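Please look over the sequence and the 3D structure shown here. A short report follows.

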Amino acid sequence: MQDCIFCKIVRGEIPTSLVYCDDEIVAFRDTTPQAPTHVLVVPRRHISSLNDLTAEEMPLLGKLLQVCREVAKKEGVFESGYRIAVNTGPDAGQVVEHIHFHVLGGGPMNLEIG
Ligand code: AMP
Ligand code: ZN
């Protein structure tokens, strides 16, 4: 997608603080962190949201979660705890329409959703 900000990050067209990448998935730091550790994990392929993932693309979810776990290890929050959030649609506050997993940790988090 030409104008998608996360596609631009994936293509290396805008700078980012890279945490992980492989041939399918890229992870980078959120520019407005909501926790001491706040990393976004995204597929290289443009998929707008969880709602747009096809049945054939479902295995990608497992890979994204696996990378989230690796990121948690790399960031030192694997044992202390972390939260994974996938905002989907306007009521959930999804702003960037390229599916992404937030990995949040590094301190206690309350149970408030959103
Ligand atoms: P969401 O509200 O789930 O769509 O989350 C989008 C997230 O992307 C927000 O937490 C933003 O702070 C983050 N964000 C927006 N632009 C960038 C960027 N260029 N690099 C890293 N994170 C970004
Ligand atoms: Zn995109």
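## Ground rules

A residue is called buried under 20% relative accessible area, exposed over 50%, and partly exposed in between (1.4 Å probe, protein chains only). Ser-49 counts as buried because its relative accessibility is 8%.

This is a predicted model, in which local features need pLDDT of at least 70 and side-chain atom pairs count only at pLDDT 80 or more, while totals for chains, interfaces and linings use all residues. Residues are numbered from 1 along each chain as its sequence is written, chains are lettered from A and ligands numbered from 1 in the order in which they are written, and side-chain values use heavy atoms, with hydrogens and water left out.

## The sheet

Helices (H or I, at least four residues) and strands (E, at least two) are DSSP runs, numbered from the N terminus. Strands of a sheet pair through backbone hydrogen bonds, either parallel or antiparallel. Here, two strands pair if DSSP finds at least two bridges between them.

Five strands form an open sheet in the order E1-E2-E3-E5-E4, and the pairing is antiparallel. Strand E1 (18-21) and strand E4 (82-85) are the edges, each pairing on one side only. From one strand to the next, the twist averages 20°. Axes are lines fitted to C-alpha atoms, for helices over the stretch in contact, and angles run from 0 to 180 degrees between N-to-C directions.

Helix H2 (residues 59-74) packs on this sheet. The helix touches E1, strand E2 (25-29), strand E3 (37-43), E4 and E5. Its direction makes about 155° with that of E3. Contact means heavy atoms within 4.5 Å.

How many residues of E3 are buried? Seven of its seven are. Thr-37, Val-39, Val-41 and Pro-43 point one way from the strand. His-38, Leu-40 and Val-42 point the other way.

E3 has antiparallel partners on E2 and E5. Five bridges join E2 to E3, and five join E3 to E5. Val-26 has Val-42 in E3 as its bridge partner. Val-39 stands opposite Val-103 in E5.

Four bridges join E4 to strand E5 (residues 101-105), and the two run antiparallel. Val-103 in E5 is the bridge partner of Ile-84.

Arg-83 also lies in strand E4. Is Arg-83 buried or partly exposed? It is partly exposed, because its relative accessible area is 28%. Arg-83 and Leu-50 are 33 residues apart in sequence and 17 Å apart in space, C-alpha to C-alpha.

## Ser-49 in its loop

Ser-49 sits in the loop between E3 and H2. A polar atom of its side chain lies 3.0 Å from the backbone nitrogen of Asn-51. A polar contact is a pair of N or O atoms within 3.5 Å; within protein, one must be able to donate a hydrogen and the other to accept it, and residues adjacent in sequence count only if both atoms are side-chain atoms. Leaving out residues up to four places away in sequence, Ser-49 touches Thr-88, Gln-94 and Ile-99.

## Ligand 1

An oxygen atom of ligand 1 is 2.5 Å from a side-chain N or O atom of Asp-30. An oxygen atom of the ligand is 2.7 Å from a polar backbone atom of Val-95. An oxygen atom of the ligand is 2.9 Å from a side-chain N or O atom of His-102. The protein covers 82% of the 510 Å² of accessible area that ligand 1 has on its own. Accessible areas come from the Shrake-Rupley method with a 1.4 Å probe; for residues, only the protein chains shown count as cover.
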